[in-house]
Amino acid sequence: MIELAGELVTDSNVRFITGLSEDVDLSSYSFNLMVAAASIHWMDHARLFPQLKEAAVPDHVFAVVEGDGAHEPPWKDDWLVFLSKWIPRTKGEPMDQANHDMFMNAYREFLDIQGEQTMISTPFRQTIDGFIGCQLSRNTFAPSMLGDQLSAFISELRELLEPHAANDQLTYEVDTVVTWGRIR
């Protein structure tokens with residue numbers, strides 16, 4: 001991803017840094033805008049945010065972009081049943097939406113939130129294989145987590161989605177939430 005980004009972005013003010021965000025030396029940087037997209041929940045907030053605060057200019061903005069899931073898709077009820085079956089198989093614990101939401105929003109205690117906006121995309125088209133590939137890219141359903149259940153997972157998910165596809169294409173909207181504020 002860094003290599004591709006380096007090819008696409010040629011602005012000399014953009015620098016790419018690899019490593020755990022909590023371990024990167026930011027002492028020579030200052031930031032007006034910091035964005036975490038689909039990643040903030042993986043970070044150690046107690047280590048990260050003090051470091052980011054030191055590198056932030058006084059009127060900085062920290063933004064979190066979350067959500068890439070289907071918004072109210074026609075397969076929603078079946079999807080919830082599917083998740084209730086497969087999450088315990090990969091994580092060894094039942095699906096707990098309240099705990100998941102708390103985990104995903106833990107960063108909020110480090111921000112003075114100034115705004116939040118939910119956006120629903122225009123209809124998006126994706127092949128069934130593309131949708132399945134997206135699920136396999138997530139930690140919970142990574143092929144390494146599924147092991148010898150991988151083909152059963154794919155088969156069952158394909159069976160769930162096929163009735164909702166036209167010419168192997170799913171059409172749905174995506175909801176995204178952008179939250180922004182200043183680091184405390």
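Is Arg 89 buried, partly exposed or exposed? Arg 89 is partly exposed, because its relative accessible area is 39%, and the class rests on cut-offs under which buried means under 20% relative accessible area, exposed means over 50%, and partly exposed lies in between (1.4 Å probe, protein chains only). This is a predicted model, in which local features need pLDDT of at least 70 and side-chain atom pairs count only at pLDDT 80 or more, while totals for chains, interfaces and linings use all residues. Residues are numbered from 1 along each chain as its sequence is written, and side-chain values use heavy atoms, with hydrogens and water left out.

**Confidence**

- The chain has a mean pLDDT of 91, with 99% of its residues at 70 or more; pLDDT is the predictor's confidence in each residue, from 0 to 100.
- Where pLDDT is low, the predicted coordinates should not be read in detail.

- Arg 89 is found in helix H3 (residues 76–91), and its side chain is joined to that of Gln 149 by a polar contact of 3.5 Å.
- A polar contact is a pair of N or O atoms within 3.5 Å; within protein, one must be able to donate a hydrogen and the other to accept it, and residues adjacent in sequence count only if both atoms are side-chain atoms.
- Although Arg 89 and Gln 149 are 60 residues apart in sequence, their C-alpha atoms are 9.0 Å apart in space.
- His 41 is found in the loop between strand S1 (31–37) and helix H2 (45–55), and His 41 counts as buried because its relative accessibility is 13%.
- The side chain of His 41 makes a polar contact of 2.8 Å with the side chain of Trp 42, and, not counting residues up to four places away in sequence, His 41 touches Phe 103 and Met 104, contact being defined as heavy atoms within 4.5 Å.

**Salt bridges**

- The structure holds 8 salt bridges, each being a side-chain nitrogen of Lys or Arg within 4 Å of a carboxyl oxygen of Asp or Glu.
- One of them brings together the side chains of Glu 156 and Lys 85 (2.7 Å, N to O), and this pair links distant parts of the chain, with Glu 156 in helix H7 and Lys 85 in helix H3, 71 residues apart.
- Both partners are partly exposed, Glu 156 with a relative accessible area of 25% and Lys 85 with one of 33%.
- Arg 158 and Asp 129 also meet through their side chains in a salt bridge (2.0 Å, N to O), and this pair links distant parts of the chain, Arg 158 in helix H7 and Asp 129 in helix H5 (residues 128–136), 29 residues apart.
- Arg 158 counts as partly exposed at 23% relative accessibility, as does Asp 129 at 46%.

- Leaving aside neighbours within four places in sequence, Leu 157 is in contact with Trp 79, Phe 82, Phe 131, Ile 132 and Gln 135.
- Gln 135 lies in helix H5 and is buried, because its relative accessible area is 6%.
- With neighbours within four places in sequence again left aside, Gln 135 is in contact with Trp 79, Phe 141, Phe 153 and Leu 157.

How values were computed
Helix = DSSP H or I, 4+ residues; strand = E, 2+ residues; numbered from the N terminus.
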